[in-house]
Amino acid sequence: MVYLTRKCEFSASHYYHNPEFSAEENQRIFGKCANLNGHGHNYTLEVTVKGDVDPKTGFVVDLKALKEILNREVLDALDHRHLNKEVPEFLQQIPTTENLAIAIWNRLQGKLHVAKLHRVRVYELPDLFVDFYGEA
Amino acid sequence: MKVHLTRRYLFSASHRLHRDGLSESENQATYGKCNNPHGHGHNYALEVTVSGQVNPQTGMVCNLVDLDGAVHREVLDRFDHENLNARQEFVATVPTTENLSEVIFNILKQSFTAAHLEKVRLEETMMNSFEYAGGADLRV
């Protein structure tokens, strides 16, 4: 079993707001992320897949195919977008880094036919990242 | 949905690796330049990983303000710009980064309860790092 990680970057804007909370609660819980004008990040995404090395190619997964899936399923939908307004998962859900990692996992799961998705890691900042392993 | 969240912090401290029970030459042989008599310093990078279910109301595993507060109060205020050998945490042990990782994990396990503490990872330099998960196996 070999683990392979592909890294890519995207930039997006978002804000944190729960309509069930009062204005004061939103401010207290989400701090400066609650500003409804939004703000942006350069996100780094690391996708780790696992599988056996194909003896004919020496690959766990065809990197070109993996890159195309990442571009199509994730980057085209998220890069240079406003997450709250343009990404269907976040019309009803707060686009925290936690929820973003889960959403990216769900977008990729089932699209990888050779290797198995192992981990999605999303860096919101160099000092903050979230890992999702598909666990309930 | 169980999610792991990692936050990175920086602090600077000095230490000297030396055991009173060893002779001068044994200390030198064991710890090399880390045994030089007046100590030396590092810029440590600490990564704290916590896990838990994502709260559907907030979208968060835990509030980062609470995690930052606990790490600043319990770890950074304690060790930043300090001599580790002079700290009471290292009265009986050598302040290697292995031991420091374990000390920090145990401090945070006690003081931060808003999410499950998975592990701490401590970089002593850009070339070496140490991870401690309270005795549990580390995850890829």
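Biologist: How do α2(B) and α3(B) sit relative to each other: parallel, perpendicular or oblique?

Modeller: They are oblique. This is a predicted model. Helix α2 of chain B, residues 64–79, packs against helix α3 of chain B, residues 97–111, at an angle of about 130°. Angles over 145 would count as roughly antiparallel and 65 to 115 as roughly perpendicular, so this pair falls into the rest.

Biologist: What about the distance between their axes?

Modeller: The axes of α2 and α3 in chain B are 10 Å apart.

Biologist: Is the crossing left-handed or right-handed?

Modeller: α2(B) and α3(B) cross in a right-handed way.

Biologist: Which residues make the contact?

Modeller: From α2(B), B:A70, B:E74 and B:V75. From α3(B), B:I104, B:I107, B:L108 and B:S111.

Biologist: And by class, what are they?

Modeller: Five nonpolar, one polar and one charged in the contact of α2(B) with α3(B).

Biologist: Changing topic. How many helices and strands are in chain B?

Modeller: Chain B has three helices and five strands.

Biologist: In what pattern along the sequence?

Modeller: Chain B reads β-α-β-α-β-α-β-β.

Biologist: What are the dimensions of the box that its C-alpha atoms fill?

Modeller: For chain B, roughly 60 × 30 × 25 Å along the principal axes.

Biologist: How much of chain B is buried?

Modeller: Of its 140 residues, 31% are buried.

Biologist: Last one. What share of contacts in chain B join residues at least 24 apart?

Modeller: 69%, counted among contacts between residues at least 6 apart in sequence.

How values were computed. Residues numbered from 1 in each chain as written. Chains lettered and ligands numbered in written order. Predicted model: local features only at pLDDT ≥ 70, side-chain atom pairs only at ≥ 80, totals over all residues. Helix = DSSP H or I, 4+ residues; strand = E, 2+ residues; numbered from the N terminus. Buried ≥ 20, exposed ≤ 12 C-beta atoms within 10 Å, placed from the backbone. Contact = placed C-beta atoms within 7 Å. Axes fitted to C-alpha atoms, helices over the stretch in contact; angles between N-to-C directions. Parallel < 35°, antiparallel > 145°, perpendicular 65-115°, else oblique. Left-handed = near helix turned anticlockwise from the far one by under 90°. Nonpolar A, V, L, I, M, F, W, Y, C, P; charged D, E, K, R; others polar.
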